[in-house]
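Dear colleague,

My notes on what was found in it follow directly after.

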Amino acid sequence: MTKSKKLTHLEYKKRLIKIWNEVAPRYHERWAKYDIGPFRSSSELVKLADIRPGHMVLDLACGTGAITKRIAAKVGSSGTVVGVDSSISAIKIAKKEINNKTNLDFVLSDAEFIKFNKKFDVVTCQYALFFFPKAGKVLRNIKQYLKKNGTLALTLHGNKDTVPYFSSILDVVEKFIPDYVPQGTPNLDRFGTSSNLKKTISASGFTDIRILEYTFTYRPGTFSDYWQNYLKYLAKPLKEKIKTLSAEQRGKMKDQIKQNTLPYTKKSGQIVFPWKILILTAKKP
Ligand SMILES: C[S@@+](CC[C@H](N)C(=O)[O-])C[C@H]1O[C@@H](n2cnc3c(N)ncnc32)[C@H](O)[C@@H]1O
């Protein structure tokens with residue numbers, strides 16, 4: 001593939017599956033396993049989704065089970081949770097992590113094409129809607145598997161200006177490596193404001209849309225910790241692209257990233273990032 005080639009829909013999806021299969025164990029260890037920074041959303045989402053004992057819940061793009069395990073505890077033995085993800089490696093971790101398996105089922109599938117012969121009380125989806133190139137299609141597809149008056153509950157990152165953990169690095173790296181995020185990748189920022197998010201959910205036929213905005217805090221350590229951990233947990237294809245830079249370019253890039261973090265750096269040298277997230281709930285009419 002040449003550097004500037006635009007990925008087709010299918011190529012984007014295949015690349016994403018490969019990335020998540022490779023990165024899932026590190027993602028779990030770094031983020032999903034803990035209730036830190038943005039992952040304080042996990043308990044909030046499960047609370048707002050109004051999940052009750054006996055409910056049938058679909059956790060779309062369940063990943064390594066960050067919220068699936070909480071939902072399983074809430075629905076109890078009379079309920080069921082189905083976790084769906086397109087990464088086998090993420091599902092394997094989720095299965096291993098969750099001890100009580102009696103009310104759990106996992107399905108390896110693309111959210112766009114998932115089919116069920118049952119209907120759910122609640123559909124949850126945390127930190128994944130922006131990855132779906134045809135998000136509207138996914139939403140309309142899952143709507144048919146929600147019971148009447150069933151709840152859709154989503155968590156999204158705020159747009160990039162409100163999540164400097166991402167933008168401090170990405171704004172600079174994309175200047176040094178223009179195809180760092182390949183063409184054909186959907187704009188991962190597009191649901192980062194309440195108005196854009198609401199428009200998509202409403203256009204997909206959901207009603208009673210409520211969006212709560214939170215600003216959590218994330219402490220990645222010193223700048224050196226932040227940068228080293230970013231590289232350590234990064235997906236392989238992105239690591240490879242960074243490796244193509246000369247030592248001088250890497251040095252310049254790192255300096256510019258450091259500049260971006262200064263507004264969030266305390267006298268002690270520790271960075272404290274704000275991290276905006278949105279939690280949406282809506283109903284199937
Ligand atoms: C950031 S992780 C979120 C996982 C989990 N919900 C959490 O809160 O930790 C995004 C997940 O979306 C999954 N994903 C991306 N595109 C998908 C698709 N089209 N269908 C199903 N899962 C998808 C990835 O495999 C990955 O596990």
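**The ligand and its surroundings**

A nitrogen atom of the ligand has a backbone N or O atom of alanine 61 at a distance of 2.8 Å. Please bear in mind that this is a predicted model. In the side chain of aspartate 85, an N or O atom is 2.6 Å from an oxygen atom of the ligand. For aspartate 110, a polar side-chain atom lies 3.2 Å from a nitrogen atom of the ligand. On its own the ligand has 590 Å² of accessible area, and the protein covers 96% of this.

**Alanine 61**

Leaving aside residues up to four places away in sequence, alanine 61 touches Val84, Asp85, Cys125, Gln126, Ala128 and Phe132. From alanine 61 to threonine 124 the distance is 63 residues in sequence, while their C-alpha atoms are 8.8 Å apart in space.

**Packing of helix α1**

Two packed helices are described by the angle between their axes and the distance between the axes. For α1 and helix α4 (residues 88-97), the angle is about 35 degrees and the axes are 7 Å apart. On the α1 side the contact involves Trp20, Asn21, Ala24, Pro25 and His28, which meet Ile88, Ser89, Ala90, Ile93 and Glu97 of α4. This contact of α1 with α4 contains six nonpolar, three polar and one charged residues.

Helix α1 also packs against α8, where the axes come within 10 Å and cross at roughly 145 degrees. Here Val23, Arg26 and Arg30 of α1 meet Asn229, Tyr230, Lys232 and Tyr233 of α8. The contact of α1 with α8 has three nonpolar, one polar and three charged residues.

**Aromatic pairs**

The count of aromatic pairs comes to 23. One of them joins phenylalanine 223 and tyrosine 226: the ring centres are 6.2 Å apart and the planes stand at 65 degrees, so this pair is edge-to-face, given that planes over 60 degrees apart count as such. Both residues belong to helix α8 (residues 223-233), and because they are three residues apart there, about one helical turn separates them.

With kind regards

Technical notes:
Residues are numbered from 1 along each chain as its sequence is written. This is a predicted model: local features need pLDDT of at least 70, side-chain atom pairs count only at pLDDT 80 or more; totals for chains, interfaces and linings use all residues. Side-chain values use heavy atoms; hydrogens and water are left out. A polar contact is a pair of N or O atoms within 3.5 Å; within protein, one must be able to donate a hydrogen and the other to accept it, and residues adjacent in sequence count only if both atoms are side-chain atoms. Accessible areas come from the Shrake-Rupley method with a 1.4 Å probe; for residues, only the protein chains shown count as cover. Axes are lines fitted to C-alpha atoms, for helices over the stretch in contact, and angles run from 0 to 180 degrees between N-to-C directions. Helices (H or I, at least four residues) and strands (E, at least two) are DSSP runs, numbered from the N terminus. Contact means heavy atoms within 4.5 Å. Ala, Val, Leu, Ile, Met, Phe, Trp, Tyr, Cys and Pro count as nonpolar, Asp, Glu, Lys and Arg as charged, and the others, Gly among them, as polar. Rings of Phe, Tyr and Trp (its six-membered ring) pair if their centres lie within 6.5 Å; planes under 30 degrees apart count as stacked, over 60 as edge-to-face and the rest as tilted.
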